[in-house]
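Reader: I am new to looking at protein models. Could you take me through this one, feature by feature?

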Amino acid sequence: MTLQKRRERYRSELRAETLSAARELIREEGYQGLSLRKLAKRMECSPMALYSYFADKQALLTALALEGFEKVAKRFDSTVHRDPLAAVRKILLDYIAYAEENPNEYRILFLSVETLGELKLSRKDLQERNPAFGALFKRVERCIKAGVLLGDAFAVSTVLWTAAHGAASLLITAQQFPFGSRRLYAEEVVGTIVSGVQNRVIARI
């Protein structure tokens, strides 16, 4: 292995270690308690070593968010169904399930104001660079091509994601809410919103 490759490997490993340690710190203290200096102390390294990878806390949160998008997308990759509308339902339920199984990661992704404000993703970014939204978008496109949904694919995807996001956020933040069956609640939300978009032509928003 050349010196350059060893350096690249070391940087990659340190970056992964930093993200892992940051997730652990957030679990313990919330994202408000995260700082590069506190993280460096936990990792027993110099703060400057971390600043060479992340300019500030916001850059670290953004890196965690983008990594989270990829994790969600990998879960969606297994969502294959001949019925395009059934695939959309499945991907929305998987999205909600991911939030329940990974509440801290989900908070970093979508309930951290700093992270959402920093990403500033355009429509093209969401479709091509955000693997989680992109996976939903592609399945919605298939539904439109099959004639089971009508309208603008981006608009339809946004409406569907909004409903799933609302359900996911409520499930992980309102632990004492009397849902009854949490799974049935998620299925009813998804079933209702999918049925709703079937009966509307959602134009570009």
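Predicted model: local features only at pLDDT ≥ 70, side-chain atom pairs only at ≥ 80, totals over all residues.

Reader: With which residue does arginine 182 form a salt bridge?

Author: Here is the general idea: side chains of opposite charge can pair when their charged atoms come close. In this model the partner of arginine 182 is glutamate 100, with 2.9 Å between the closest N and O atoms. Arginine 182 belongs to helix H11 (residues 182–198) and glutamate 100 to helix H5 (residues 84–101), so the pair ties together parts that are 82 residues apart in sequence. Glutamate 100 is partly exposed too, at 32% relative accessibility.

Reader: How many salt bridges does the structure hold?

Author: There are six. One of them joins the side chains of glutamate 24 and arginine 42, at 3.2 Å from N to O. Since glutamate 24 sits in helix H1 (residues 3–29) and arginine 42 in helix H2 (residues 36–43), this pair ties together parts that are 18 residues apart in sequence. Both ends are partly exposed: glutamate 24 has a relative accessible area of 38%, and arginine 42 has 32%.

Reader: Which residues are linked in a network of salt bridges?

Author: Look at Glu24, Glu28 and Arg42, which are linked in such a network. Lysine 38 is partly exposed at 35%, and glutamate 29 is partly exposed at 39%.

Reader: Let's step back to the whole chain. How many helices and strands does the protein chain have?

Author: You can count eleven helices and two strands. Reading from the N terminus, the order is α-α-α-α-α-α-α-α-α-β-α-α-β. Of the 205 residues in the chain, 42% are buried. The chain exposes about 11,500 Å², and 52% of that comes from carbon and sulfur atoms.

Reader: Which residues have the most contacts inside the largest nonpolar core?

Author: The general idea first: in soluble globular proteins, nonpolar side chains tend to be buried together. The largest nonpolar core here has 40 residues, and Val88, Leu92, Tyr95, Ile96, Tyr106, Val140 and Leu160 have the most contacts inside it. Two or more residues of this core come from each of helix H4 (57–77), H5, helix H6 (103–111), helix H9 (131–146), helix H10 (153–173) and H11. H10 gives the most, with ten residues.

Reader: What is leucine 160 in contact with, leaving aside its neighbours within four places in sequence?

Author: Find leucine 160, then look around it for Val88, Leu92, Val140, Ile193, Val194 and Val197, its contacts once those neighbours are left aside. Apart from this core lies another one, of 20 residues, among them Ala22, Ile26, Tyr31 and Leu34.

Reader: Where is valine 197, and is this residue buried or exposed?

Author: Valine 197 is in helix H11. At 3% relative accessibility, this residue counts as buried. Leaving aside neighbours within four places in sequence, valine 197 is in contact with Leu149, Val159, Leu160 and Ile202. The C-alpha atoms of valine 197 and valine 159 are 8.3 Å apart, although 38 residues separate the two along the chain.

Reader: And threonine 18, is that one buried or exposed?

Author: Threonine 18 is buried, with a relative accessible area of 0%. You will find threonine 18 in helix H1. Not counting residues up to four places away in sequence, threonine 18 touches Leu39, Met43, Leu50, Phe54 and Leu60.

Methods. Residues numbered from 1 in each chain as written. Heavy atoms only, no water. Salt bridge = Lys/Arg side-chain N within 4 Å of Asp/Glu carboxyl O. Helix = DSSP H or I, 4+ residues; strand = E, 2+ residues; numbered from the N terminus. Buried < 20%, exposed > 50% of the residue type's maximum accessible area, 1.4 Å probe, protein only. Core = buried A, V, L, I, M, F, W, Y, C linked by side-chain atoms within 4.5 Å. Contact = heavy atoms within 4.5 Å. Areas by Shrake-Rupley, 256 points an atom, 1.4 Å probe, with all protein chains shown as cover.
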